[in-house]
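Hello,

Here is the structure I promised to pass on to you. Please open it alongside this note, and I will walk you through the aromatic rings and their neighbours.

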Amino acid sequence: MWLRRRDRAGDAVRPDAVHAASALAFHLQGGGELVPVQVDDLPLADGEVAFADVTCSAARFYGTEVVYPQSAGYFENHPAFGRRWVPNNRLDARRRQEAEETAAPQWRDHTVARVVLTSTGVRLRPPQSPTWLPFDHALLTEVSAGQPEVVLSYSVCAPLLLAGPAAPWLGVAIEHLRRPAI
């Protein structure tokens with residue numbers, strides 16, 4: 001029952017997020033500009049301007065090297081053959097498959113992070129991290145926006161997933177900042 005209430009609350013936020021993104025897109029298409037915001041604890045470069053300071057769920061998409069577990073089995077004291085190792089082939093096969101699935105490319109490092117959108121890129125700060133992680137617009141190759149999320153693909157690092165109520169708005173704003181000024 002509690003899950004139903006939580007889902008209803010999330011469903012109520014989505015239309016507001018979509019509406020905010022649509023309103024921003026309409027505003028920008030009409031010649032409007034993004035409004036700067038003040039961010040005190042992020043050192044900005046000369047000429048860099050902050051446009052959003054929000055909290056989002058963040059994740060990265062990558063695979064890792066497969067680490068296969070040691071062979072499973074047991075020692076048996078056989079009356080005719082003596083003490084010998086008896087392998088457990090079924091368990092070994094299952095553990096190898098699990099290791100391969102765990103290493104396959106997937107969304108990893110899920111965390112709630114503070115996200116600041118600036119004129120030069122997205123700055124991400126995970127909890128308890130003293131540093132900001134920079135994701136510059138110049139290295140951005142693709143922006144894929146979904147209803148509750150936006151995926152940013154970069155030429156030099158793993159894609160970045162931002163999810164939450166602010167994600168659709170961020171997707172529209174990032175697309176606007178990527179476009180060359182006419």
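Two aromatic pairs turn up here, where a pair means that ring centres of Phe, Tyr or Trp (its six-membered ring) lie within 6.5 Å, with planes under 30 degrees apart called stacked, over 60 edge-to-face and the rest tilted. This is a predicted model, so please keep in mind that local features need pLDDT of at least 70, side-chain atom pairs count only at pLDDT 80 or more, and totals for chains, interfaces and linings use all residues. Residues are numbered from 1 along each chain as its sequence is written, and side-chain values use heavy atoms, leaving out hydrogens and water.

F61 and W107 make an edge-to-face pair, with 5.1 Å between centres and 65° between planes. F61 belongs to strand β1 (residues 50-62) and W107 to strand β4 (residues 106-118), 46 residues apart; strands are DSSP runs of E, at least two residues, numbered from the N terminus. F61 has 33% relative accessibility and therefore counts as partly exposed, as does W107 at 30% (buried is under 20% relative accessible area, exposed over 50%, partly exposed in between, with a 1.4 Å probe and protein chains only).

F135 and Y154 form a tilted pair, 5.5 Å centre to centre with 40° between the planes. Because F135 lies in strand β6 (residues 133-136) and Y154 in strand β8 (residues 149-154), the pair ties together parts 19 residues apart in sequence. Both F135 and Y154 are buried.

There are charges over rings too (NZ of Lys or CZ of Arg within 6 Å of the ring centre and within 35 degrees of the ring normal). R83 has its charged end over the ring of F75, 4.4 Å from the centre, and R108 places its charged end over the ring of Y62, at 5.5 Å.

Best wishes

Key
Helices (H or I, at least four residues) and strands (E, at least two) are DSSP runs, numbered from the N terminus.
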